[in-house]
Amino acid sequence: YFASKACKIEYMAACRLGKPIVVVHESNENHGGAPLEELRDQCPDECRAHLFGSRAVVPWLRSEVFQLVTLKKIVAVVLSADGGEA
């Protein structure tokens, strides 16, 4: 993810402008996921605190019965006044 040119433009701009970001973690390697620590290590130093600092990382749950829970957590973070944890 962090190597993608298009993604890099987006997350670098968000970090530079101090915009809140909801980090959604895909752990399933069959769907392009990776362990969270590995992703933290790949994140550029200048954005690591902004992306992985104070807000909770929302795990992406692929099971259909849990997807609604994940989506509700994402919406809660987006709608929260301070961008805090869901």
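Asp-45 is exposed, with a relative accessible area of 61%; exposed denotes over 50%, buried under 20% and partly exposed the range in between (1.4 Å probe, protein chains only). The model is predicted: local features need pLDDT of at least 70, side-chain atom pairs count only at pLDDT 80 or more, and totals for chains, interfaces and linings use all residues. Residues are numbered from 1 along each chain as its sequence is written, and side-chain values use heavy atoms, with hydrogens and water left out.

**Helix H3**

- The buried residues of helix H3 (residues 45-52) are Cys-47, Leu-51 and Phe-52; helices (H or I, at least four residues) and strands (E, at least two) are DSSP runs numbered from the N terminus.
- Viewed down the axis of H3, these buried residues fall within an arc of 105°, taken from the directions from the helix axis to the C-beta atoms, so they line one face of the helix.
- Asp-45, Glu-46 and Ala-49 are exposed on the face of H3 turned away from its buried side.

**Salt bridges**

- There are three salt bridges, each defined as a side-chain nitrogen of Lys or Arg within 4 Å of a carboxyl oxygen of Asp or Glu.
- Glu-37 pairs with Arg-40 at 2.7 Å, N to O, and both lie in helix H2, three residues apart.
- Glu-26 forms a salt bridge with Arg-62, with the closest N and O atoms 2.8 Å apart.
- Glu-26 lies in the loop between strand S1 (24-25) and H2 and Arg-62 in the loop between strand S2 (58-59) and helix H4 (64-79), so the pair ties together parts 36 residues apart in sequence.
- Glu-26 is buried at 15% relative accessible area, whereas Arg-62 is partly exposed at 37%.
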